Amino acid sequence: MKISHVLMRYRLDSLVLSTPFLKSFKPLLYLTPWYYFPIKKYSRGERIRLALEALGPIYIKFGQTLSTRPDLLPDDISLELKKLQDSCPAFSTQKAKLMIEEALGGKIKQLFKTFDDQPLASASIAQVHTATTLEGQEVVVKVVRPDIDKLIARDIKLMYALAKIFNKHPLAKKIRPIEVVEEFEAIIMNELDMRIEAAHCDKIRENFEHSDLLYIPKVYHHLSRTNVLTTERIYGTPVGEIETLKAKNIDMKRLAEEGVIIFFTQVFKHNFFHADMHPGNIFVSDTGQYIGVDFGIMGSLREEDKNFLADIFLAFFNRDYQKVAQVYIDSGWVGINTDEKAFEAAVQKICDPMFDKPLGDISFGQVLLDLIQEAKNFDIKVQPQLLLLDKTLLNIEGLGRQLYPQLDLWSTAKPFLEDLMKEKYSMKKTFEKLKEDAPQLLRDIPELPALTINALKQLSKLKDIDKLYAQQTEKIVGQLGENANRQTAALFSGSLLILSGVFAVNSLWIASGVSAIGALLFWIKSR
């Protein structure tokens, strides 16, 4: 009843009834009195945002999740959903205490020296109270809302039903409503389990343990359970309070640049990034150090995705849009029907206007999003894991420029990425990779000549099938032969390098040196 009332109030009933499945019922709208008395003239995006806010915390969370997928949404809706605020009325403190006592197996007075009845914050999933442990440490206790799992299960079931109806709307092909609900369900179910957030918090704290860039609160595991999370209480200024930060003489330029470095460090060095870095989750200490909280949503990438992003970033920083297109094509995500020249022209159309702007005016997050959307117009599969990262990049860029409008993302990020790529392809990394792969490589060496000869024979036979393929087959044979030679050289380089180490351990320095030189020569040949 409440949902139908909200749909009618914000005139979303007309949107639902415009689906092919229900459009025959659209004339019924003219028989309803509210059709002639709209509460106010709102845009489509505003109506959807206001309706989600009226429906309550789960729908607000759904809208926030949907806002992370701007690739699926029209611009007017995407912009409005980003305005959704995750603040909800607090639930009973008495109920919160009972839940904590049941989870931790003791009375509040036995568990904490002090416990503040007034909630520090109240969001859609959980409520936070400040407390002091028996040992005197100041903490915050996050407790999941009572019966929220039942409410979520009910609402998700309804969301699936609505998604199936909306799936018949012309917009459904772009928005893919059923997939969106599935993604939301996976995210919110993880957020309900405080053990997952505790593990995330531990990992990111360990990653930055020896860094002055970011401070992560300590988790008190003996005071945490599935529905309760107790962490160290932090003190700082919310990053969005610009004037307060300036009054505390925080270096805003340094703060903005370090935010970018933190993001790139998490993505490319740790491969574990905070994917919900909105201003409400970020604080700044009086010394200017970032403090992060709320680690319910984290992201990670496959090695090939990291390589793709690093290459895309560097190509764009070097203003080489042909390289940008080539990186996409080399990624393996391109279908056989993709017109590569047309895609290069589309990339040029996106990149060229950017190069005419001052560096401080360029949003790389927006360019990456434009490239992702443009790729969908070709036979190129968009990788969903990149969208979560791009949403985070857009947040970081927006936050950085809010702190320091002249932020030059290029000069901040480019040296970081160049150093990263140098390190990745250094001799040390190459040796570590060879050492890791050596057992398997040594097992494969005896089979390599036979496999190569067999493959060449099979490809040679293809030349007789159809003369139309003769040139292409010859190219493939040549490439395969070249690749086989490179692979063989790399295998011998690795073997000689390992042998050099064995000789060195046994103080056979001349033999070790000869083996090392041989390894270097074969390594050069394999490049």
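**Cavity lining, buried residues and strand pairing**

Me: How do the residues lining the second largest cavity divide into nonpolar, polar and charged?
Reply: In this predicted model, a cavity is a set of points on a 1 Å grid over the protein atoms alone where a 1.4 Å probe fits but cannot get out, and lining residues have an atom within 4 Å of a point. Ala, Val, Leu, Ile, Met, Phe, Trp, Tyr, Cys and Pro count as nonpolar, Asp, Glu, Lys and Arg as charged, and the others, including Gly, as polar. On that basis the lining holds 12 nonpolar, five polar and no charged residues.

Me: Which pLDDT do local features need here?
Reply: Residues are numbered from 1 along each chain as its sequence is written. The model is predicted, with side-chain atom pairs counted only at pLDDT 80 or more and totals for chains, interfaces and linings using all residues, side-chain values use heavy atoms without hydrogens or water, and local features need a pLDDT of at least 70.

Me: Which element gives the largest share of the lining of the second largest cavity?
Reply: This cavity is lined by 17 residues, with Ile262, Met277, Ile282, Tyr290 and Ile396 nearest its centre. Helices (H or I, at least four residues) and strands (E, at least two) are DSSP runs numbered from the N terminus. Two or more lining residues come from each of H13, S10 and helix H18 (384–403). The largest share, five residues, belongs to H13.

Me: Is phenylalanine 295 buried or exposed?
Reply: Phenylalanine 295 sits in the loop between strand S10 (290–292) and strand S11 (298–299). Leaving aside residues up to four places away in sequence, phenylalanine 295 touches Glu197, His200, Cys201, Ile204, Ile216 and His274, where contact means heavy atoms within 4.5 Å. Relative accessible area under 20% is buried, over 50% exposed and in between partly exposed (1.4 Å probe, protein chains only). Because its relative accessibility is 2%, phenylalanine 295 counts as buried.

Terms used
1 Å grid on protein atoms, 1.4 Å probe; cavity = no way out; pocket = protein on both sides within 12 Å on 5 of 7 lines; lining within 4 Å.
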